[in-house]
Amino acid sequence: MSRRKTERLLNLVICLLATRRPLSAEQIRHAVPGYDRDGDEAFQRMFERDKNELRELGIPIDVVRDPWEDEPGYRIERQSYELPEITLEPDEAAVLGLAAQVWQRASLAEAASGALLKLRAGGVATDQPVGAAMGGGALELRVDTRDPAFPALWNAVRDRRVVRFDYRGAGSEEVRTRTVEPWGVVSRRGRWYLAGFDRGRDAPRAFRLSRITGQVATVGKPGAVEVPEGVDVRSMVGYPDEAMDERVAVIRVRQGTCEGLRQLARAVHPGVDGWDDAELTFSDPERLAGWMASLGADVEVVDPPDAREAVIRRLKGALA
C-alpha cells in the first residue's frame, strides 16, 4: 500500500470517528486530504474502494439515511471501533510506548491533525479525544528522537534501502562518509543508533545518530538491503559509552540562572560581568552539547574545545 493511500485511509478513519453526526460523501471529500483534488467520478470510485478496504480490515463504517437529506451519511461508532480494556505487561507497554513516539514524529500525525482542523473549520462538531481511541491517549512513555537523521534512517530501514551520510567518530573531529546497509534503528540509554553493514569497512557496525552530520542520502532502489537471519541489532549497539573517560568542562553560567546545572557542578566560582564559572564532569561531548544547547543564551562552554565545538554544531543546526 502506498504512503499516500495509507494517509488517506487513516485520515478517513479519524474523520469518521471524530464527527458527532454522520457526514455526507461531499463533506468527507472536502475534509479528508487526498480526496479534494479529484473529479466527481474519480472521487466516488476512490471513496467506495476505501470504504470496502476499511470494512475488510474490520473497521465498521455505518451508513445513516436521513429522510430529510438526499444523500446518506457516514460515521464510525466509537463503541464498535474501540477495543475492550487491555492489560499489558511492563515490557509490552514499553514497546508500545516506543511505537507511539515514532507515530508522533511521523508525517501521518500532521495530516491527521489537518483533517480534524478542516472538519472544525467547516462547522462540523468533533470529539476532542480521538487520539485516545487510536491508542495514543493511554501511553505516555517518551523516547527522545530529536536527532535530525532519525526520519530518513527510519524510512531507509523500512524500505530496505542503502544510505550514505557523513559521520564523526567518537572523540574525534574527523568526518568521514559512510555507506551503510541499514538493518535497524534502536534506542539505548536515551540515545539512538543505526545498526547495519558498513560497506566501506566490509563489516557490521553501529552508528550513533547524534554524530551524523548533514543530510542522509539514499543509494539505489528500495528492497536492495537484506537483513541477515538471526541478527540482533540491539547487541550490535552494546555499551559504547562506558569506555569513555570522564572529563571536566568549564562553563560560563549567567548569574541567577541554571539552578539545575549549578547543583550538578562539582564547583561554581563567582565570575565577573554577571557570569559565574562552573566545572561540570562529563564523558560524552555530544550529550553535554545537547544539554547546553537547550539552555540557550544562559550558558557558554569554554573548555574543552571538542565540547565547545559540539555545542556550536548543535546551535548552527538549529539555526539552519
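Trainee: How many aromatic pairs does the count come to?

Mentor: The count comes to 9 aromatic pairs. Rings of Phe, Tyr and Trp (its six-membered ring) pair if their centres lie within 6.5 Å; planes under 30 degrees apart count as stacked, over 60 as edge-to-face and the rest as tilted. This is a predicted model, in which local features need pLDDT of at least 70 and side-chain atom pairs count only at pLDDT 80 or more, while totals for chains, interfaces and linings use all residues. Residues are numbered from 1 along each chain as its sequence is written, and side-chain values use heavy atoms, with hydrogens and water left out.

Trainee: Why is the pair of Tyr35 and Phe43 called edge-to-face?

Mentor: The ring centres of Tyr35 and Phe43 are 5.3 Å apart and their planes stand at 80°, so the pair is edge-to-face. Tyr35 and Phe43 also belong to one aromatic cluster with Phe47 and Tyr74.

Trainee: What makes Tyr35 buried or exposed?

Mentor: Buried means under 20% relative accessible area, exposed over 50%, and partly exposed in between (1.4 Å probe, protein chains only). Tyr35 has a relative accessible area of 0%, so Tyr35 is buried. Phe43, at 1%, likewise counts as buried.

Trainee: Which kind of aromatic pair do Phe150 and Trp192 form?

Mentor: Phe150 and Trp192 form an edge-to-face pair, with 4.9 Å from centre to centre and 75° between the planes. This pair links distant parts of the chain, 42 residues apart: Phe150 is in helix α8 (residues 150–159) and Trp192 in strand β5 (residues 191–198). Helices (H or I, at least four residues) and strands (E, at least two) are DSSP runs, numbered from the N terminus. Both Phe150 and Trp192 are buried.

Trainee: How many disulfides does a search of the whole structure find?

Mentor: The search finds 0 disulfides, a disulfide being a pair of cysteine sulfur atoms within 2.5 Å. Cys15 counts as buried, at 1% relative accessibility, and Cys258 is buried at 14%.

Trainee: Which residues does a cis peptide bond join?

Mentor: The cis bond joins Asp303 and Pro304, with omega about 5°. Pro304 lies in the loop between β11 (299–303) and α12.

Trainee: With which side chain does the side chain of Asp306 make a polar contact?

Mentor: The partner is the side chain of Arg247, at 2.8 Å. A polar contact is a pair of N or O atoms within 3.5 Å; within protein, one must be able to donate a hydrogen and the other to accept it, and residues adjacent in sequence count only if both atoms are side-chain atoms. Asp306 is in helix α12 (residues 305–319) and is buried, with a relative accessible area of 18%.

Trainee: Where is confidence lowest, and where is it highest?

Mentor: Confidence is lowest in helix α7 (residues 130–133), at a mean of 44, and highest in strand β3 (residues 162–168), at 93. These values are pLDDT, the predictor's confidence in each residue, from 0 to 100. The protein averages a pLDDT of 78, and 73% of the residues score at least 70.
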